[in-house]
Amino acid sequence: MSFGAATRPWMTDELEMVRDTARRFFETECVPHQKKWQEQGHVDRAIWRRAGELGLLCAGVPEQYGGGGGSFLHEAVICEEQMRAMVNSFSINVHSGIVAHYLLAYGTEAQKRRWLPSMAKGETIAAIAMTEPGAGTDLQRITTSAVKDGEDYVIHGAKTFITNGLLADIIVVACKTDPTAKAKGVSLVVIETKDLEGFRRGRLLEKVGQQGQDTVELFFNDMRVPQANLLGGEEGKGFAQLMLQLPRERLVLAIGCAATMQRAVDETLAYTRDRKIFGDSLLHLQNTRFKLAECQTKATIARSFLDDCVARLARNELDIPTAAMAKWWVSQATCEVVDECLQLHGGYGYMQEYPIARMYADVRVSRIYGGANEVMKEIIARAMENG
Ligand SMILES: Cc1cc2nc3c(=O)[nH]c(=O)nc-3n(C[C@H](O)[C@H](O)[C@H](O)COP(=O)(O)OP(=O)(O)OC[C@H]3O[C@@H](n4cnc5c(N)ncnc54)[C@H](O)[C@@H]3O)c2cc1C
């Protein structure tokens, strides 16, 4: 469905080709495996390598580091297609959209050359571990410690809710290098999980939705990591590094939500057209028409606003409060639209075999992760207050 949102001001022929490749990949090589992935709670490694072969990983990373040499737009298009196809069993966003850009922005030359090329090929799977059982939103309270000992850091602590965590080969871990300092005591250390003593993955967490996505707990017990793995090579920069990447991360999240929102409307339009009720199509009841009109309006507004945010990001002008607006509003609107669309499916909307039911369960978390929506509003209000 494209009414009201036909043109993307930033779309090019090259991006259309990326979209086609991504669409074919997600629809033909991922969708058929979704059920299996959901049952086992994770994807198979092979799909990461296949995504790498097709150039769908690290698309925005320069070619000199093995990436696709594209821009944020390439990643945005891939994200839209992944969410449109409802393939949320492996997080390209965390891998390419977050970890790769941390390495790119802050990594030393040696760090970039060590990890980015194999991430682009899908041979190395990446995760980021900030959240702890006792500290989510309030990241300054993390207690995972990294203490210098000879050439190494000795890391001790636990993380939870870590996306891609079961399969991850490298994990960017937020640690306290100075436990007496708050934000300035936080550093990011990259751990390489293979045969790493003191590193343990906990159970696969059973979530409300996104069941194919491996989300796990991690435990570090006197885990030794070379000091050379400190991201950027300088302690105490972790919090600032996290903050600087937020607009980009939040925009990608909002773009994924907007794609889900449009898919929900498209599904519901088709369903209500076919469903017969009182001798006519469900689509011809005025309530159905008004609800669908409202939902499409929200999807169109989201897309227009996000197009503006994308243009700002490309000019390096997307500020933190505007990205926070995109994140909270689009994720909230998506939950509302999916809920309305489920209602229009009647009992079938509550059945797992219908895409709308899965969307309902999958999208709920978007108001919580990437910064809870209440935090987004606080950021906006603070910016308003300070002029
Ligand atoms: C499926 C899933 C995947 C995730 N993936 C990752 C990952 O890969 N890496 C990672 O590090 N983390 C990940 N997370 C963690 C996620 O980022 C946190 O859940 C999130 O930051 C919220 O932290 P919390 O769960 O500890 O909730 P809390 O911080 O305890 O917050 C609870 C609630 O309090 C309210 N609240 C919080 N702050 C404020 C405020 N300032 N003002 C008003 N109200 C407020 C909000 O309603 C919030 O939802 C994931 C979580 C989930 C569910």
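A: Searching the whole structure turns up 2 cavities of 30 Å³ or more. A cavity here is a set of points, on a 1 Å grid over the protein atoms alone, where a 1.4 Å probe fits but cannot get out, and its lining residues have an atom within 4 Å of a point. Grid points are joined across faces, edges and corners, and the volume is the space filled by probe spheres set on the points. Please keep in mind that this is a predicted model, in which local features need pLDDT of at least 70 and side-chain atom pairs count only at pLDDT 80 or more, while totals for chains, interfaces and linings use all residues. Residues are numbered from 1 along each chain as its sequence is written, and side-chain values use heavy atoms, with hydrogens and water left out.

Let us start with the largest cavity, whose volume is about 70 Å³. Its lining is made by Leu56, Cys58, Ala59, Glu75, Ile78, Cys79, Ile92, Asn93, Ser96, Gly97 and Val252. Two or more of these residues come from each of helix 4 (72-84) and helix 5 (92-106); helices are DSSP runs of H or I with at least four residues, strands are E runs of at least two, and both are numbered from the N terminus. Helix 5 provides the largest share, 4 residues. By type, the lining has 7 nonpolar, 3 polar and 1 charged residue, where Ala, Val, Leu, Ile, Met, Phe, Trp, Tyr, Cys and Pro count as nonpolar, Asp, Glu, Lys and Arg as charged, and the others, Gly among them, as polar.

Asn88 sits in the loop between helix 4 and helix 5. Asn88 counts as buried because its relative accessibility is 11%, where buried means under 20% relative accessible area, exposed over 50% and partly exposed in between, using a 1.4 Å probe and protein chains only. Setting aside neighbours within four places in sequence, Asn88 is in contact (heavy atoms within 4.5 Å) with Gln34, Met83, Gln210, Gln213 and Asp362. With Asp362, the side chain of Asn88 also makes a polar contact of 2.9 Å; such a contact is a pair of N or O atoms within 3.5 Å, of which, within protein, one must be able to donate a hydrogen and the other to accept it, and residues adjacent in sequence count only if both atoms are side-chain atoms.

Gln211 lies in the loop between strand 6 (199-204) and strand 7 (215-226). With a relative accessible area of 35%, Gln211 is partly exposed. Beyond residues up to four places away in sequence, Gln211 touches Trp37, Gln38 and Gly41. A polar atom of the Gln211 side chain lies 3.5 Å from the backbone oxygen of Lys207. Gln211 and Ser89 are 122 residues apart in sequence, with their C-alpha atoms 7.2 Å apart in space.

Now for the packing elsewhere. In soluble globular proteins, nonpolar side chains tend to be buried together. A nonpolar core is a set of buried Ala, Val, Leu, Ile, Met, Phe, Trp, Tyr and Cys residues joined through side-chain atoms within 4.5 Å. The largest such core here has 64 residues, of which Phe26, Phe90 and Leu251 touch the most other members. Helix 1 (13-30), helix 3 (45-53), helix 4, helix 7, helix 8 (286-314), helix 9 (320-344) and helix 10 each supply at least two of its residues. Helix 7 gives the most to this core, 11 residues. A second, separate core of 29 residues includes Leu103, Ile128, Leu139 and Ile170.

Helix 7 (residues 238-274) also holds Thr268, which counts as buried at 0% relative accessibility. A polar atom of the Thr268 side chain lies 2.6 Å from the backbone oxygen of Ala264. Further along the sequence, Thr268 touches Leu292, Cys341, Leu344, His345 and Ile356, leaving out residues up to four places away.

Conventions:
On a 1 Å grid over the protein atoms alone, a cavity is a set of points where a 1.4 Å probe fits but cannot get out, and a pocket is an open set with protein on both sides within 12 Å along at least five of seven lines; lining residues have an atom within 4 Å of a point.
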